[in-house]
Amino acid sequence: MPVTSKKRRHAEAVDGILLLNKPSGMTSNRALQVVKRLLNAKKAGHTGSLDPAATGMLPLCFGEATKVCAYLLEADKTYRVTAKLGEATDTGDADGTRTGDAAVPDLTTDEWDAILQEFVGASTQIPPMYSALKKDGKRLYELARKGETVERQPRPIRIDEIRLLEQAGSRLVFRVSCSKGTYVRTLVEDIARRAGTVAHTARLHRETVGAFRSEDMLDLESLEAAAVADAAALRERLLPADVALQGMAAVAIDAAAGSKFSGGQAVAAGAPGIQGLVRVYGRNQQFLGVGEVAEDGRLAPRRVFLTQEKTP
């Protein structure tokens, strides 16, 4: 008798954004694939990887919402960081091999805070060897694993705020709000160097990405339970794509202009004083996509979204 295999479900069109509280020990891509399966979604993408050891906010985009991934990569982030002072590792985090030790200076809370504040503002940072950046077509971490070190060019970053939360012995905890491209592991090493010691990132938790709120995150265990209980209800918890674009001005156009915009044609924006990238809405506040308003007031489509029209 032939063995019958379990019938596979056909993936479905699922649109929206899910804010996953990524667990430690899982790659960002693995987390994406797990949630994609739970939602039985056809198309998915994530916005900016978290290191496997890191936890916290990982926006996962499904269907039409994958079109906002590029914009979310530009978003500012906030992290809660726990540094282990006095111990250096080759990767800059707790997963690496210990490479050095140094005495931890006996500084007061005010002295530690003063050091942290020196890093606020625009500066440059040399990316770590254990990173996904490429050099001559090879990932830096691939070269690092072979024991190779190559020259890396400094990259511009911006630290908007650093707040000291705790300092006790070799434990330093702070919250940092920063621009895209900031390597927290490197920041921890630089802070330690300024204090006259070494350190590595013991724990890293991303609290926010752009305008997304930490209270809207869902953990993987809850998602798995929700998918078993009611998969349709789980999909209802997805955020609409335009939530990721709240930093852009909004422009509303009428039904005729909306039809042309969705067809790839430029239209009159009817929004004096607004230029650059904008969120575009049509009849009944239907999100149509991202457009760009030129100096002459013409609104050209840059990303068109095929979303369902809201009922009035």
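1. Two rings of Phe, Tyr or Trp pair up here if their centres lie within 6.5 Å. On that basis, this predicted model has two aromatic pairs, and Tyr281, Phe287 and Phe305 form one aromatic cluster.

2. Taking the pairs in turn: tyrosine 281 and phenylalanine 287 are tilted, 5.5 Å centre to centre with 50° between the planes. Phenylalanine 287 and phenylalanine 305 are also tilted, at 4.9 Å and 50°.

3. Buried or exposed, what is phenylalanine 305? Buried means under 20% relative accessible area, and phenylalanine 305 comes in at 2%, so it counts as buried. Phenylalanine 287 is at 6%, so it is buried too, and tyrosine 281 is buried as well. Have a look at lysine 67 while you're there: its charged end sits over the ring of phenylalanine 305, 5.6 Å from the ring's centre.

4. Now the largest nonpolar core, which has 26 residues. Among the members touching the most others are Tyr79, Trp112 and Val176. Strand E4, helix H3 and helix H5 are among the elements that each supply at least two residues, and H5 gives the most, with six. A second, separate core of 21 residues includes Val14, Leu32, Val34 and Leu60.

5. Trp112, Ile115 and Leu116 are buried in H3. Seen down the axis, the buried residues of H3 fall within an arc of 100°, so they line one face of the helix. They pack against E4, E10, E11 and H5.

How values were computed
Residues numbered from 1 in each chain as written. Predicted model: local features only at pLDDT ≥ 70, side-chain atom pairs only at ≥ 80, totals over all residues. Heavy atoms only, no water. Core = buried A, V, L, I, M, F, W, Y, C linked by side-chain atoms within 4.5 Å. Buried < 20%, exposed > 50% of the residue type's maximum accessible area, 1.4 Å probe, protein only. Helix = DSSP H or I, 4+ residues; strand = E, 2+ residues; numbered from the N terminus. Arc of directions from axis to C-beta. Contact = heavy atoms within 4.5 Å. Phe/Tyr/Trp six-rings, centres within 6.5 Å; stacked < 30°, edge-to-face > 60°. Lys NZ or Arg CZ within 6 Å of the ring centre and 35° of its normal.
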